[in-house]
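Hi,

Here is the structure I said I would pass on. Have a look at it first, and then read on for what I found in it.

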Amino acid sequence: LTGSFTGSFVGDGSGLTNVPAASGKIGIANSNGEYTYYSTLSASLAAASSGDTIELFADIEERFNDASVSGSLKNNVNFNFNGHTYFYTGSQAGIYGLLNDGGTAVTSSFFNGKIKYREHNNNSNSNEILRITSTDSLITFNGFEFEIDKYVGVYGATQTINNAGTIIGPTIIANPETQRYVYRGNGQSAKLIEANILYYGS
């Protein structure tokens, strides 16, 4: 066929699924494939229920200076970053993990993306990207990375992951000033399985 063609479509779009709004950055779909959107991971986690998947549709940078950034993982709530990066940048004394299980057993999976963290001043605290304190928690990563970026200002005692449960499959990237890439704390039975641990710098 050659030439130009025009046409029209009449319908309500009910046959279209998993089509996020252009302005939506973090979404949770209902059983009809309709998304509700959130501006932060912590807000989406607060709204999520067992069986939900939290999805990213863009790279996101969240700047913070208070503990409201911290989000509690929920059992059977999973994440699909769709190839995007969530970049936490800031500093706050006393954060118990930017993402944490709150000491309650959680099973959760992360797919296809990255969470990155940059410390901004000298709080001298162990700000962690992920804090798993229940020995019964199981967190699985598929095609997923964590990265501690270079600090800005005076170095704080940043940690990538504090784990007392079982973590499978992450890639962990950190600069040489990072105090601990993975820390088991008092979790004597902690397990880290099939992880890639990398660093950059001298």
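I began with the charged pairs: there are 5 salt bridges in this structure. Keep in mind as you read that the model is predicted.

Lys116 makes a salt bridge to Asp149, with 4.0 Å between the closest N and O atoms. Lys116 belongs to strand S8 while Asp149 is in the loop between S10 and strand S11 (159-163), so this pair ties together parts 33 residues apart in sequence. Arg118 also meets Asp149 in a salt bridge, at 2.5 Å from N to O. Arg118 is again in strand S8, so here the parts tied together are 31 residues apart in sequence.

Lys116 has another contact worth a look: its charged end sits over the ring of Phe87, 5.2 Å from the ring centre.

Elsewhere, Glu128 and Arg131 form a salt bridge with their closest N and O atoms 3.2 Å apart. Glu128 is buried at 2% relative accessibility, and Arg131 is partly exposed at 23%.

Now the rings. Searching the whole structure gives 13 aromatic pairs. Phe64 and Tyr117 are a stacked pair, because their planes are at 20°, with the ring centres 6.4 Å apart. That pair links distant parts of the chain, with Phe64 in strand S4 (residues 60-64) and Tyr117 in strand S8 (residues 107-119), 53 residues apart. Phe64 counts as buried at 9% relative accessibility, and Tyr117 is buried at 0%. Phe141 and Phe146 make an edge-to-face pair, since their planes are at 80°; the ring centres are 5.1 Å apart. Both of these phenylalanines are buried. Ring pairs also connect Phe79, Phe81, Phe110, Phe141, Phe144 and Phe146 into a cluster.

On to the core. The largest nonpolar core contains 35 residues, and Ile54, Leu73, Tyr86, Tyr88, Phe110, Ile115 and Leu130 are the ones with the most contacts inside it. Strand S10 (residues 138-148) gives the largest share, 5 residues. What does Leu130 touch, leaving aside neighbours within four places in sequence? Its contacts include Leu73, Leu99, Phe141, Phe146 and Ile167.

Leu130 also turns up in the strand pairing, as the bridge partner of Leu99 in S9. Strand S7 (residues 99-100) and strand S9 (residues 128-132) run parallel and are joined by 2 bridges. They are part of an open sheet of 5 strands, ordered S5-S7-S9-S11-S14, with parallel pairing. Its edge strands, each pairing on one side only, are strand S5 (71-72) and strand S14 (180-183).

S1 (residues 26-29) pairs with S3 (residues 53-56) in the antiparallel sense over 3 bridges, and Gly27 has Glu55 as its bridge partner in S3. S1 also pairs antiparallel with strand S2 (residues 35-38), over 4 bridges. In the hairpin of S1 and S2, with 5 residues between the strands, Gly33 takes a positive phi near 80°. S3 in turn pairs in the parallel sense with strand S6 (residues 78-90) over 3 bridges, where Ile54 has Phe79 as its partner in S6.

Cheers

Technical notes: Residues numbered from 1 in each chain as written. Predicted model: local features only at pLDDT ≥ 70, side-chain atom pairs only at ≥ 80, totals over all residues. Heavy atoms only, no water. Pairing = 2+ DSSP bridges. Phe/Tyr/Trp six-rings, centres within 6.5 Å; stacked < 30°, edge-to-face > 60°. Buried < 20%, exposed > 50% of the residue type's maximum accessible area, 1.4 Å probe, protein only. Lys NZ or Arg CZ within 6 Å of the ring centre and 35° of its normal. Core = buried A, V, L, I, M, F, W, Y, C linked by side-chain atoms within 4.5 Å. Contact = heavy atoms within 4.5 Å. Salt bridge = Lys/Arg side-chain N within 4 Å of Asp/Glu carboxyl O.
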